[in-house]
Amino acid sequence: MNSERVVQLYIDEVIKRLPFKQRRDIAGELRSLIAEELAAKGEALGRAPDEAMAVDFLRDFGRPQEVATRYQPSFTIIDPSDTRDFLVAAVIGSLILGQTYLIFGWLGLLGSFFGIRNWVRRRWPEKSVWRPQDPDRASRLGSLALVVLIIIGILSFGAPQWVFAQLSGGKVLSPWLAYTDNFHRTRLPWLFAVWALSGVLRLMVAFEGQWRSLTRYVDIGISALAIVVLAWFCSDGSLFRTPIVDHDAKTGIAVAVLIVMIDIVEKTNRLRRLRFQH
Amino acid sequence: MVNQKSIGASEAELRRGVLVLAVLSQLRSWQYGYSLRQALVDSGMPIEEGTLYPLLRRLESQGLLASEWRIEAGPPRRYYRLNAQGKHSYRELGTSWRGLVSIMDRILDAGV
């Protein structure tokens, strides 16, 4: 292979990573500049440029990917300042979901979340500026919205046939989505109990408009209880009569457990920080 | 060894910071990539080819440089020169640089 061919292969590698409208122009410029640099190098070495000389020179010039990046403004999908958070969430997710196909969904979800957050920060930097926030202050509206969500959740999971009939004008929900009797009678009520506890706590917080140490501890306790109940759901027989629905529901519960665990770690760290400050 | 490496990295960072100003300073007259690099080398500011050539395009896309293709004795070459906006930016950056040098001189003299 002669030096011109090596240079052309290199330029092809660079320009295929550039916008179409710039390719021809940059290729022409690179070809002429690299030819001059190589000629000068050959002159200094006292021989005509050959393949080895061209390869050496182009290695110093930089990997085609790097050179292409230098030609245009670079951007990152995950902001370097978010890398640690991303890795922690990805590793915890891998530990829990590593044996199932859901791990790909989890990693995709994380990538999308951090990517969108990074894009929003770049697009509206003025909205991302740091503002001091009282860590004990609770959003009354947010707490009440959560209570409403809990009530909707209890209704939807407790009487799915009734909710579906109300929303669809009297249609009947597919029997595929029917609970097993054992789950419906003995286990599901425990989830409602946990949700009800959480609803009462949120009402108290909404009433006071702030978090206290006690309410924070109770909140963490309720989350831990939720994990115990959800783990029990998965380990003590079927939830749904249809096996495939049962399998999917259990993997969904595994994701929920993961999210609650991350939430507990976050809340515990926050509590520790607040105690340290006081 | 590690210390030497970190000094080298810091020095490279310092040089990167002044690269744009050094390049603009050489473009008050028409230059093409290779001749510009030689001019910078001769002035004691060597710069890698893979860094300089993309930088010229970026400065052009930022509206600081004018460029044109010329076919003379050798192969076709793309020439660059400061445009009006580029001259203005060059003056501004030059003033900032001199101010910075004077501040750093004071700081360094006080630290000796």
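Start with one pair of side chains: Glu29(A) and Arg57(B) meet in a salt bridge, 2.9 Å from N to O. The model is a predicted one. Between chain A and chain B, the salt bridges number five.

Now look at which parts of chain A face chain B. Three elements of chain A each give two or more residues to that side: α2, α3 (51-61) and α4 (64-70). Helix α2(A) supplies the largest share, nine residues. By residue class, the side of chain A that touches chain B holds seven nonpolar, two polar and five charged residues.

Step back to the whole interface. Chain A brings 14 residues to the contact and chain B brings 16. Together the two chains bury about 1600 Å². Carbon and sulfur atoms account for 54% of that area.

Next, follow one helix pair across the interface. Two packed helices are described by the angle between their axes and the distance between the axes. Helix α2 of chain A (residues 20-45) packs against helix α3 of chain B (residues 49-61) at an angle of about 145 degrees. Their axes lie 12 Å apart. The crossing of α2(A) past α3(B) is right-handed.

Which residues make this contact? From α2(A) come Asp25(A), Ile26(A), Glu29(A), Leu33(A) and Glu37(A). From α3(B) come Glu49(B), Tyr53(B) and Arg57(B). The residues of this helix contact split into three nonpolar and five charged, with no polar ones. Both partners of the opening salt bridge, Glu29(A) and Arg57(B), belong to this contact.

Technical notes:
Residues are numbered from 1 along each chain as its sequence is written. Chains are lettered from A and ligands numbered from 1 in the order in which they are written. This is a predicted model: local features need pLDDT of at least 70, side-chain atom pairs count only at pLDDT 80 or more; totals for chains, interfaces and linings use all residues. Side-chain values use heavy atoms; hydrogens and water are left out. Axes are lines fitted to C-alpha atoms, for helices over the stretch in contact, and angles run from 0 to 180 degrees between N-to-C directions. Helices (H or I, at least four residues) and strands (E, at least two) are DSSP runs, numbered from the N terminus. A crossing is left-handed if the near helix is turned anticlockwise from the far one by less than a right angle, and right-handed if clockwise. Contact means heavy atoms within 4.5 Å. Ala, Val, Leu, Ile, Met, Phe, Trp, Tyr, Cys and Pro count as nonpolar, Asp, Glu, Lys and Arg as charged, and the others, Gly among them, as polar. Buried area is the accessible area (1.4 Å probe) that two parts lose on being put together, summed over both. A salt bridge is a side-chain nitrogen of Lys or Arg within 4 Å of a carboxyl oxygen of Asp or Glu.
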